[in-house]
Amino acid sequence: MPVVPRGGGTGLAGGCVPVDGGVVVATGRLTRVRSFEPSTWFMHADAGVTTETVQRLARENGLFFGPDPGAAEQSQLGGNIATNAGGPHAFKYGVTGRWVTGVDVVLPPGEPASFGGPLSKDVAGYDLTHLLVGSEGTLGIVTAAWLRLLPAPEAAYPVIAFYDSHAAGCAAIALVVGSGLDVAVLEYLDRGTLALSGAACPADVPAGAAFAVIAEADGDADGALRRLREAKDTLGHGALTVRSYEARSEIASFWRWRDGVSTAVAAARGGKVSEDVAVPRDRLLDIVEASVDIGRRHGLESCSWGHAGDGNVHASFLVDPRVPEELNRAETAAGELFAAAIAFGGTISGEHGTGWVKRGFLSRQWPGPAFRAHEAVKRALDPTNLMNPGKKR
Ligand SMILES: Cc1cc2nc3c(=O)[nH]c(=O)nc-3n(C[C@H](O)[C@H](O)[C@H](O)COP(=O)(O)OP(=O)(O)OC[C@H]3O[C@@H](n4cnc5c(N)ncnc54)[C@H](O)[C@@H]3O)c2cc1C
């Protein structure tokens, strides 16, 4: 009987959908924090604890959990691990896997096992902890995990800069990275995204703005302010305007706006087919332009935004979801976007996973021996293909 693990159900690749029958194993009642001693920086938590709960418990104890995927109130630790979720702060603090030092799992056909623990170092065997990270429920069910937290930064200030072209904005991103600025967040919004979401932006979007870059300067109180000045100077090169936020309420409304960008874009036509690809950072401009061109070729309005510092692009093709023919065109466009990402030396998924939505594309990214090795791992751990069949391939 196939088994499909399900966390908060917020995944964007259809990974927790039982497409071919079987049993859905939902982890929503595994909500215990098994141990948390803040002075050790380690937490042992059940898979069903929400991302927001982990973040909050860490923060209340002077610590910090870096992963900040957008649906944190619903998504769960097990789902975050299974998708190796990212978010804006992944630029400085890394994706979920970087915070996981151990996992408790149930391996097929039903054997509990533990890898790792509250350890900063462990090279005794193959790194099976991180084989489970990002495995999208295809190798086993994560029941709990050990997390290594960090002391919380004292302050964090966002800054947004606007540019008159995609090229000028991407040049500013390259300048931030090239000058070694240690910002925590490095995000972008392209021309189409600004047009659909800019009206609600707390910063006045200047006339002619075609690209926005968001950075965040964090650290101890003095360090964060110094970094903020440096970030504003650097982003100022070629910018139309630059705006930063230091008051707590302003910072909160700024991020609330940024969190709502996806909804604003979807509202334009009632729906969107959104995809998540990643490319080497120096190909960011190419993939941003490609996503617009692909949409245009298929008669679809398109736009993108995402985690620029990680080369991670969320490209959206706007659709009326009631029109199947439009949805078909958007699916074809998404396929071309994956091909473009691969051609630029990138990947079909930066952080959402392959799931069901991108089935069949992994072998295009990893032809021949690489894909065979991937399939051999699956066969070794799950010889009868019980775990989430049909996904991540
Ligand atoms: C508004 C919104 C914003 C988002 N923003 C981001 C973002 O910024 N960054 C990002 O990376 N993602 C983002 N996501 C996607 C999603 O929130 C993440 O992928 C998240 O990690 C999924 O967690 P979940 O608990 O909802 O998992 P689910 O959707 O339930 O499952 C996702 C996958 O993980 C597997 N799985 C779930 N639990 C387990 C378990 N215990 N053991 C083994 N496998 C398991 C499932 O089988 C499935 O393949 C966003 C989604 C939404 C709706």
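I shall discuss the ligand site, then the strands, and finally some individual residues.

First, the basis of the work. This is a predicted model, in which local features need pLDDT of at least 70 and side-chain atom pairs count only at pLDDT 80 or more, while totals for chains, interfaces and linings use all residues. Residues are numbered from 1 along each chain as its sequence is written, and side-chain values use heavy atoms, with hydrogens and water left out.

Let us begin with the ligand. What surrounds the ligand? The shell consists of 33 residues, and the closest are P5, G7, G8, T10 and G11; a residue is counted here if one of its heavy atoms lies within 4 Å of the molecule. By class, this shell has ten nonpolar, 20 polar and three charged residues. In that classification, Ala, Val, Leu, Ile, Met, Phe, Trp, Tyr, Cys and Pro count as nonpolar, Asp, Glu, Lys and Arg as charged, and the others, Gly among them, as polar.

An oxygen atom of the ligand lies 2.6 Å from a backbone N or O atom of P5. For the side chain of N80, an N or O atom is 2.9 Å from an oxygen atom of the ligand. The corresponding distance for an N or O atom in the side chain of N388 is 3.3 Å. Taken alone, the ligand exposes 980 Å², and the protein buries 88% of that. Accessible areas come from the Shrake-Rupley method with a 1.4 Å probe; for residues, only the protein chains shown count as cover.

Which elements give two or more residues to the shell around the ligand? They are β1 (3-6), α2 (77-83) and β8 (141-148). The most comes from α2, with five residues. Helices (H or I, at least four residues) and strands (E, at least two) are DSSP runs, numbered from the N terminus.

I turn now to the strands. In β11, residues 185-189, five of the five residues are buried, so this strand is largely enclosed by the rest of the structure. Buried means under 20% relative accessible area, exposed over 50%, and partly exposed in between, with a 1.4 Å probe and protein chains only. From β11, V185, E187 and L189 point one way, L186 and Y188 point the other way, and all are buried.

How does β11 pair with β12, residues 211-219? The two are antiparallel, over five bridges; strands pair if DSSP finds at least two bridges between them. Within that pairing, L186 has A215 as its bridge partner, and L189 stands opposite A212. With β15, residues 302-307, β11 also pairs in the antiparallel sense, over two bridges, and there Y188 stands opposite G306.

The strand β12 is likewise largely enclosed by the rest of the structure, because nine of its nine residues are buried. F211, V213, A215, A217 and G219 point one way from β12, and A212, I214, E216 and D218 the other way. An antiparallel pairing over nine bridges links β12 to β10, residues 155-163, in which Y157 stands opposite A217.

A further antiparallel pair is formed by β3 (33-37) and β4 (42-46), joined by four bridges. Here V33 has A45 as its bridge partner. The hairpin has four residues between the strands, and W41 takes a positive phi near 70 degrees.

H166 is in helix α5, residues 166-178, and counts as buried at 6% relative accessibility. Its side chain makes a polar contact of 3.1 Å with that of E289; such a contact is a pair of N or O atoms within 3.5 Å, and within protein one must be able to donate a hydrogen and the other to accept it, with residues adjacent in sequence counting only if both atoms are side-chain atoms.

K392 is in the segment after α13 (369-381). Its side chain has a polar contact of 2.8 Å with that of E136. Beyond its neighbours within four places in sequence, K392 is in contact (heavy atoms within 4.5 Å) with residues including G134, T354 and H374.

L63 is in strand β5, residues 63-64, and is buried, with a relative accessible area of 4%. Leaving aside neighbours within four places in sequence, the contacts of L63 include F36, W41 and L149.
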